[in-house]
Each structure stands twice: as C-alpha cells, then as structure tokens.
Amino acid sequence: ASRGVTLQTVAGGGNGIVTDRHLEPGTVIMSLPGTLLMHAGTARRCPDFGREYQWLEREGVLAGPALVHLHLSVERLKGGLSAWTAYVGVLPDFVPTPVHFGEAQLEWLRG
C-alpha cells in the first residue's frame, strides 16, 4: 500500500516523498527503526571506540553533532569493515553549508 505517498524527483532537483492524496493530521507516512540511524547513542555504544567517544563527551571535548561527525568519519574510514557500510554508502560525500558559499550565495541569503 502506498499510504498516499510516492517517491519522486522534485522541482529544483533531488528526490522527495510526495502525497498523491489528502493525508489526515497524524498519518504516519514512514517510520524508521532507531537501530538504523546513527546518533550520539550509537557512537557511545560503538564496540571499537565507544569508550573513547564517551570519554571525549564526558571531558567536554565533543558533544552532540560533533560526536556523531567523528563517529561517521571513523565508520567511513573503516570502509566495508564497518557495520554502518550500507548507511554510510547512501550519505552524500559533501553537504554544502554557508561556510562553503561564495559571495553571491551569501548576498542572496542576506536578502
């Protein structure tokens, strides 16, 4: 059953989840088990470096997103030996942020 949504290429590029009918508020379109998502908790439980990640967090060296970024970087370096190989494989290699923007893009943001 489609649950009223389809996966499509959307205007402006990329892919999206698009409704093909009216959805009632509270309708679950998609759910993902937490075990399939990388987050600070999975970093802390990492069998290879979890203790080190916990120490970095406890000492205030890394927290939240930075801890996840380190965990992701380490898992990328493991390549096919990582339990996260499939997850890492679908992530983009680069996500542009304003830090990477040129002057024209920054001017557009400023309005």
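Guide: Begin with His71, which is found in helix H3. Helices are DSSP runs of H or I with at least four residues, strands are runs of E with at least two, and both are numbered from the N terminus. This is a predicted model: local features need pLDDT of at least 70, side-chain atom pairs count only at pLDDT 80 or more, and totals for chains, interfaces and linings use all residues. Residues are numbered from 1 along each chain as its sequence is written, and side-chain values use heavy atoms, leaving out hydrogens and water.

Visitor: Is His71 buried or exposed?

Guide: Read the relative accessible area: under 20% is buried, over 50% is exposed, and in between is partly exposed, with a 1.4 Å probe and protein chains only. His71 is at 1% and therefore counts as buried.

Visitor: Which residues is His71 in contact with?

Guide: Contact means heavy atoms within 4.5 Å. Neighbours within four places in sequence aside, His71 touches Met38, Thr42, Ala43, Cys46, Tyr53 and Trp84. Take Thr42 from that list. Thr42 sits in helix H1, which covers residues 40–44, and is buried because its relative accessible area is 10%.

Visitor: Now pairs of helices. How do H2 and H3 cross?

Guide: An axis is a line fitted to C-alpha atoms, for helices over the stretch in contact, and the angle between N-to-C directions runs from 0 to 180 degrees. Helix H2 spans residues 50–58 and helix H3 residues 64–78; their axes come within 11 Å and cross at roughly 155°.

Visitor: What does that make H2 and H3 to each other?

Guide: The classes are roughly parallel under 35 degrees, roughly antiparallel over 145, roughly perpendicular from 65 to 115, and oblique for the rest. H2 and H3 are therefore roughly antiparallel.

Visitor: Is the crossing of H2 and H3 left-handed or right-handed?

Guide: A crossing is left-handed if the near helix is turned anticlockwise from the far one by less than a right angle, and right-handed if clockwise. The crossing of H2 and H3 is right-handed.

Visitor: Which residues of H2 and H3 meet?

Guide: On the H2 side they are Tyr53, Leu56 and Glu57, and on the H3 side Gly64, Leu67, Leu70, His71 and Val74. By kind, the residues of this contact are five nonpolar, two polar and one charged. Here Ala, Val, Leu, Ile, Met, Phe, Trp, Tyr, Cys and Pro count as nonpolar, Asp, Glu, Lys and Arg as charged, and the others, Gly among them, as polar.

Visitor: Next, charges. How many salt bridges are found in the whole structure?

Guide: Side chains of opposite charge can pair when their charged atoms come close. The criterion is a side-chain nitrogen of Lys or Arg within 4 Å of a carboxyl oxygen of Asp or Glu. A search of the whole structure gives six.

Visitor: Which residue forms a salt bridge with Arg44?

Guide: The partner of Arg44 is Glu57, with 2.6 Å between the closest N and O atoms. This pair links distant parts of the chain, since Arg44 belongs to helix H1 and Glu57 to helix H2, 13 residues apart. Arg44 is partly exposed, at 32% relative accessibility, and Glu57 is partly exposed too, at 24%.

Visitor: Where do Lys78 and Glu75 lie?

Guide: Both are in helix H3, three residues apart, which is about one turn of the helix. Lys78 is partly exposed, with a relative accessible area of 22%, whereas Glu75 is buried at 3%. Asp48, Glu75 and Lys78 are linked in a network of salt bridges.

Visitor: And what is the separation of the closest N and O atoms of Arg110 and Glu103?

Guide: In that salt bridge it is 3.1 Å. Arg110 counts as exposed because its relative accessibility is 54%.

Visitor: Last, the loops. Where is the place of Gly79?

Guide: Gly79 is in the loop between H3 and helix H4 (85–89), and counts as partly exposed at 30% relative accessibility. Compare sequence with space: Gly79 and Gly89 are ten residues apart in sequence, and their C-alpha atoms are 9.2 Å apart. Glu59 is in the loop between H2 and H3. Glu59 and Asp48 are eleven residues apart in sequence and 19 Å apart in space, C-alpha to C-alpha.
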